[in-house]
Amino acid sequence: MAKVCWPYFDPEYENLSTRINPPRVSVDNTSCSDSTLIKVDSMNKPGILLEVVQILTDLDLTITKAYISSDGGWFMDGSFAHAFHVTDHQGKKITDLKTVHYIEKALGPKGQEEVTARSGKPVGECSVGDHTSIELTGRDRPGLLSEISAVLASLHFNVVAAEVWTHNRRIACVVYVNDDATSRAVDDPARLSAMEDQLKNILRGCGDDEKAGRTSFSIGFTHVDRRLHQMLFADRDYEGVVVATEIEDPPSVKPKITVERCEEKGYSMVTVQCKDRAKLMFDIVCTLTDMQYVVFHAAITSDAARASQEYYIRHMDGCVLDSEGEKDRVIKCLEAAIRRRVSELWAFSRIL
């Protein structure tokens, strides 16, 4: 990988700059006839793009167009040249004043405080009260969810909610449980150990499964979609081919992903063309972030039902993608991230 040098930013200097020049956010409903224009001008920091996209998508907003640039340490370089065009779930502008004010505050100087104050938890995290979170990954098979439910019931755990994704015969599941008698989170080591042993036996699956199932616990909240992406990525669900039981996409629908070298600027350019849908940008940015790539520039457009997205990236160490192996891995991981969302229909239940 060819290395490109970039300036070092001292963390204390960044904190000072943030206090002196706090983030500026505007929500504009007059410039565009068919969408709300959200402009963000803030100090650049690792993960800032994912943070912004996550807040917008967790509000069920659809990003129809976006222009991103973060060179020089500033997310928008103070010029408002980059913006997000968004609509609500009905394809209309954001006219609800409470939502508009929330966006301005959530993306502003005290964003995390505002996000937490709105509902007692960060946006996108499952609001299921006092619970224990169980994270499961393993080989998918018929009847697996029923067996998991039966084990939890036999150990006197109540399933409050769950989110399940499947892809390439792999399954990732975040289950929220509490004690069926007290409705409180369970932290008894003996009960959790017994649960873990039984769930591992279920996830062990068939003898030809080369990947071991995994079980972990936590008490508190998690951003479900991001966590499911991370779990399947760690499980390497992007390896192998689409199984015969999955419907093969026609050429017009199948994602087209390319990775090229942008010589004059020292970036790798990732181009994604696929069927447009809600949370598409989040899925792609989330995957690039988890793969330790930094997005410096991006252009997102949507033409009817087709999305076209370009990302100019480097690795966190400043390197671009040179080897064919690296490029192929990025393509496979992004294609997996796009396909995973289709399986989101699988779930035990949802909390309103």
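Predicted model: local features only at pLDDT ≥ 70, side-chain atom pairs only at ≥ 80, totals over all residues.
**Stop 1: the cavity**

Start inside the protein. The count comes to one cavity of 30 Å³ or more.

Select Ile63, Asp276, Arg277, Leu280 and Met281. Of the 17 residues that line the cavity, these lie nearest its centre.

Now colour four elements: β3 (62–69), α8 (280–290), β11 (293–303) and β12 (306–315). Each one supplies at least two residues of the lining.

What classes of residue make up the lining? Eight are nonpolar, six are polar and three are charged.

**Stop 2: α8 and α9**

Keep α8 on screen. The axes of α8 and α9 are 9 Å apart, and the packing angle is about 145 degrees. The crossing is right-handed.

Next, show the side chains where the two helices meet. On α8, pick Leu280, Asp283, Ile284, Thr287 and Leu288. On α9, pick Cys333, Leu334, Ala337 and Ile338. This contact has seven nonpolar residues, one polar and one charged.

**Stop 3: α7 and α9**

How do the two helices cross? The crossing is right-handed.

Select His229, Leu232 and Phe233 on α7. Their partners on α9 are Arg329, Cys333, Ala337 and Arg340. By class, four residues of this contact are nonpolar, one is polar and two are charged.

Look again at Cys333 and Ala337. Both belong to the α9 side of the contact with α7.

**Stop 4: α5 and α6**

Clear the view. Select helix α5, residues 144–154, and helix α6, residues 189–204. Their axes are 10 Å apart, at an angle of about 165 degrees.

Why are these two called roughly antiparallel? Angles over 145 degrees count as roughly antiparallel, so α5 and α6 get that label. Their crossing is right-handed.

Show Leu144, Glu147, Ile148, Val151, Leu152 and Ser154 on α5. Then show Met195, Gln198, Leu199, Ile202 and Leu203 on α6. Eight residues of this contact are nonpolar, two are polar and one is charged.

Key. Residues numbered from 1 in each chain as written. Heavy atoms only, no water. 1 Å grid on protein atoms, 1.4 Å probe; cavity = no way out; pocket = protein on both sides within 12 Å on 5 of 7 lines; lining within 4 Å. Points joined across faces, edges and corners; volume = space filled by probe spheres on them. Nonpolar A, V, L, I, M, F, W, Y, C, P; charged D, E, K, R; others polar. Left-handed = near helix turned anticlockwise from the far one by under 90°. Contact = heavy atoms within 4.5 Å. Axes fitted to C-alpha atoms, helices over the stretch in contact; angles between N-to-C directions. Parallel < 35°, antiparallel > 145°, perpendicular 65-115°, else oblique.
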